[in-house]
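Here is a short briefing on aromatic contacts and a surface patch. Please look over the structure first.

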Amino acid sequence: MLETINSTLMEWSRAQFALTAIYHWLFVPLTLGLAVVMGVMETLYVLTGRDFWKRTVMFWMKLFGINFAIGVATGLILEFQFGTNWSNYSWFVGDIFGAPLAIEGIVAFFMEATFIAVMFFGWNKVGKKFHLASTWLTGIGATFSAWWILVANSWMQYPVGMDFNPETVRNEMTDFMAVAFSPVAVMKFLHTVLSSWMVGAVFVIGVSSWYLLRKRETEFALSSIKVAGFVGLFATLVTVGTGDKSAYQVAQTQPMKLAAMEALYDGGRQMPLTVVGNMAIPKMLSFLATRDMNGFVPGINDLLEGGYTLPDGTRALSADEKAERGRRAVEALSMFRQAREKGDNIAMEDARKRLDADMPYFGYGYISHPEMLVPNVWLLFWAFRVMVGFGIYFIAFFVLVLFLVWKAKYNRFRWLQWIALFSIPCAYLASHAGWIVAEVGRQPWAIQDMLPINAAISKLEVGTVQTTFFIFLVMFTVLLIAEIGIMLKAIRKGPEA
């Protein structure tokens, strides 16, 4: 009965966090993307002196401000949930996880708050160059904020730079630079931020196409499409490159995630990359995962059963063997604490040696059966293909749009203008699909191999979490509807004279 209650609490806590994260990520990509587009447009205003560009950037700045305000509200609630719903997690790794979030709040957020005021209200109060600097610094502040949040998230995927202290039962940071600049964090930052530029570019092209369909603001729309097209094409091409490197990192550090993304149950050498159905690219998965066409890629069953040879020449442990070593680590921690209470230094030293030997598998001590280690294969398989498929689509989209705008022919293709308008939700879908791959693929881990989610949750009443879930659902939905309504009103009004 108790296990059922804990399972229900865990699922509702996960659902609440997922709800908040999904709504929050509706606003972040547009903030990051519009910041770059606005910066380029205002740079053109300063260089050319044309008031046309000032009028253009002020319009997109208005939409940026509406979106930014709602994003801040949802982001604050998301961070608070680490303390309310995931207090065991916060206790266990708060010394590490809290550092980048604190830097984000103290430095990046205040940087945004300072310069966004100048950006919105300083047009006739400061010089052109100072205002331009404020616009770019607002975008840099938002990007800097994303950096520290993604550092914290990447550490959950690839925990480095810390040691476990059995006296406090906490992981403590030993190498800040390893945490802040881990290769996983760098790739995740580049992939996430550049894909957000893509979302912002698609948004600008889609809205501008709406004006063309209405035969309004033609010069404004075409000029906006040119700027957004270049930003979007650059961002999408680099996103593809960072995605390839991220996939390689996943193969090395989170092989179960990769196996689930490919729905690969039985691995092997020269593995093909599945496109959809029976369509596959021969040997490509082996190359992406190992940089060797003949490389071995473990499947879900291989990872559960173990026994295959790892790249370093050692034998892979089975899930049961890892769970056994994890239980030994948990037991050694208990023995250490008991010996510490009794002041038995010899027993403490012995328990510490046992703990250190099995600590890499500590989290597996809370895994009750191997099937828990397998994430939702169906969801990951299709989310990955949605993300990649739209990525390829948007490369072709930006190339075609830029070509026709540059040849002054975009106005003639109303069907393409409709496609551009309806591509806006596709960009959001691709962005969310990427986060599904990243976060659902990590399950059941709150921190990879170190802390499963069933050991990370707070001790709360299930009814409390259910109640707040529906409160947040209503509140976030109202905010989203309000934001869309305000933005549509601003778009219908158009750029001000």
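The charged end of Arg170 lies over the ring of Trp91, 4.5 Å from the ring centre. This is a predicted model. The points below cover charges over rings, ring pairs and a nonpolar surface patch.

**Charges over rings**
- Trp91 carries the charged end of Arg170 over its ring.
- Arg291 places its charged end over the ring of Phe287, at 5.8 Å from the centre.

**Aromatic pairs**
- The structure contains 45 aromatic pairs.
- One of them is Tyr89 with Phe97, an edge-to-face pair with 5.2 Å between centres and 80° between planes.
- Tyr89 and Phe97 are both buried.
- Phe362 and Tyr366 also pair edge-to-face, at 5.8 Å centre to centre and 65° between the planes.
- Phe362 counts as buried because its relative accessibility is 2%, under the 20% cut-off.
- Tyr366 has a relative accessible area of 33%, so Tyr366 is partly exposed.
- Ring pairs also join Phe59, Trp60, Phe203, Trp210, Tyr211 and Phe220 into a cluster.

**Nonpolar surface patch**
- Which residues form a nonpolar patch on the surface? They are Val275, Val276, Met279, Ile281, Trp378 and Trp382.
- Together these residues have about 580 Å² of accessible area.
- Val276 sits in the loop between strand 4 (273–274) and strand 5 (280–281).
- Val276 is partly exposed because its relative accessible area is 34%, which falls between the 20% and 50% cut-offs.

Conventions
Residues are numbered from 1 along each chain as its sequence is written. This is a predicted model: local features need pLDDT of at least 70, side-chain atom pairs count only at pLDDT 80 or more; totals for chains, interfaces and linings use all residues. Side-chain values use heavy atoms; hydrogens and water are left out. Patches are made of residues with over 30% relative accessible area and no salt bridge: like charges are joined within 9 Å, nonpolar side chains (Val, Leu, Ile, Met, Phe, Trp, Tyr) within 5 Å. Accessible areas come from the Shrake-Rupley method with a 1.4 Å probe; for residues, only the protein chains shown count as cover. A salt bridge is a side-chain nitrogen of Lys or Arg within 4 Å of a carboxyl oxygen of Asp or Glu. Helices (H or I, at least four residues) and strands (E, at least two) are DSSP runs, numbered from the N terminus. Buried means under 20% relative accessible area, exposed over 50%, partly exposed in between (1.4 Å probe, protein chains only). Rings of Phe, Tyr and Trp (its six-membered ring) pair if their centres lie within 6.5 Å; planes under 30 degrees apart count as stacked, over 60 as edge-to-face and the rest as tilted. A charge sits over a ring if NZ of Lys or CZ of Arg is within 6 Å of the ring centre and within 35 degrees of the ring normal.
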